[in-house]
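Morning, everyone. I will take a few minutes on one model, starting with the ligand and then turning to a pair of helices.

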Amino acid sequence: MKAFIKIFRFFPPETAHHLALLSLKILNKVGILKLFFPDNKDFDNPKEYFNLKFRNTLGVAAGLDKNGDYVDELESLGFGFVELGTVTPKPQEGNQKPRVFRYLNQQAVVNRLGFNNKGVNYLVSKIKNKKYDAVIGVNIGANKESTNDQRIEDYVFCFEKVYKYCDYVTVNISSPNTPKLRKLHNPDELEKIFKRINEIKSTNKTEIPVFLKISPDEDEETIFKIVNIYKTLKINGLIVTNTSIDKDILEGCSHEGGISGKPLFKKSTQFLKRIHEFDKDIFLVGVGGVFTKEDYENKIRLGASLVQIYTGFIFEGPAIVKKILSR
Ligand SMILES: Cc1cc2nc3c(=O)[nH]c(=O)nc-3n(C[C@H](O)[C@H](O)[C@H](O)COP(=O)(O)O)c2cc1C
């Protein structure tokens, strides 16, 4: 399997990504995936949060399956939860290619995809009539051309579309690749988004948990403002963190975009730790630079209830799930 993963490195990153997921789909269709990854009960370490039963606490971070095309396959690999998206109201192409860059020597990726996705209706059509064992989250965002309050409407629109068909929703204000999106870390903007979402929840009598995914590049003051309004806005959890635009963490970084993978571990884990130290009641999902069991356990020790991976999965392939979860 490892050799198989290495072959993909001969392709440009985005092509490799699609080929790898397509291969998983084919292996799953012909029943071979189960041979590589039999229903491994060793992975099970069930936890219950928000009345959701997590088979284990390792999940797929947003961006890997933006449109809900590969949920069956990702679930077969043993993940406890899968976060789909980011999805926006209208389909969009994203930024010009090339827009994903590997830094093999540092086990990092820089991406400036810009929320390329097939739109929220497509995603809903993929997950609507399915029952999954894994917990399914949908990560929602705003279209690139939406400005000011239209952005708020985009989150509301997506939330209304998806909440019936998934287990949790993530409000993503932290992608560095949609201009000015990160300005939504401002408490006034967050209040507008969560006020509307909470109204929908209360009108429809749903308790679906809603998480907020934050950036590792905000200053402490902004993060603590968010932490302070967390309860008032009835945010159910923080996902810490998205990619970073801080080029200091990646040696020889020559591309614009969000940095993920090994170099992000320290920064994102530091954020997690600080928030947890400040308020232990905040539900935290740790993400950023997890490649090993030790990385995973460190995030949990420092306050994460759940952990997600993306870049580690790209570099190590599906075997990373076993590597992290086997006891
Ligand atoms: C190619 C790529 C695309 C991504 N797309 C999204 C996205 O659409 N929405 C999102 O919230 N995060 C996205 N992310 C960020 C990841 O979900 C994660 O927060 C980040 O990569 C840090 O985790 P990692 O070091 O395990 O990759 C993306 C990351 C990568 C590498």
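**The ligand shell**

The ligand is surrounded by 26 residues, and the closest are A61, G63, S260, Y310 and T311. Helices (H or I, at least four residues) and strands (E, at least two) are DSSP runs, numbered from the N terminus.

By class, the shell has 10 nonpolar, 14 polar and 2 charged residues. Ala, Val, Leu, Ile, Met, Phe, Trp, Tyr, Cys and Pro count as nonpolar, Asp, Glu, Lys and Arg as charged, and the others, Gly among them, as polar.

A word on the source. This is a predicted model, in which local features need pLDDT of at least 70 and side-chain atom pairs count only at pLDDT 80 or more, while totals for chains, interfaces and linings use all residues. Residues are numbered from 1 along each chain as its sequence is written.

Now the helices. At what angle do α6 and α7 pack? Helix α6 (residues 148–162) and helix α7 (residues 187–203) pack at about 25 degrees, with axes 9 Å apart; axes are lines fitted to C-alpha atoms over the stretch in contact, and angles run from 0 to 180 degrees between N-to-C directions. That makes α6 roughly parallel to α7 (angles under 35 degrees). The contact of α6 with α7 has 7 nonpolar, no polar and 3 charged residues.

Last, E297 lies in helix α10 (residues 293–301).

Key:
Parallel < 35°, antiparallel > 145°, perpendicular 65-115°, else oblique. Near = placed C-beta within 6 Å.
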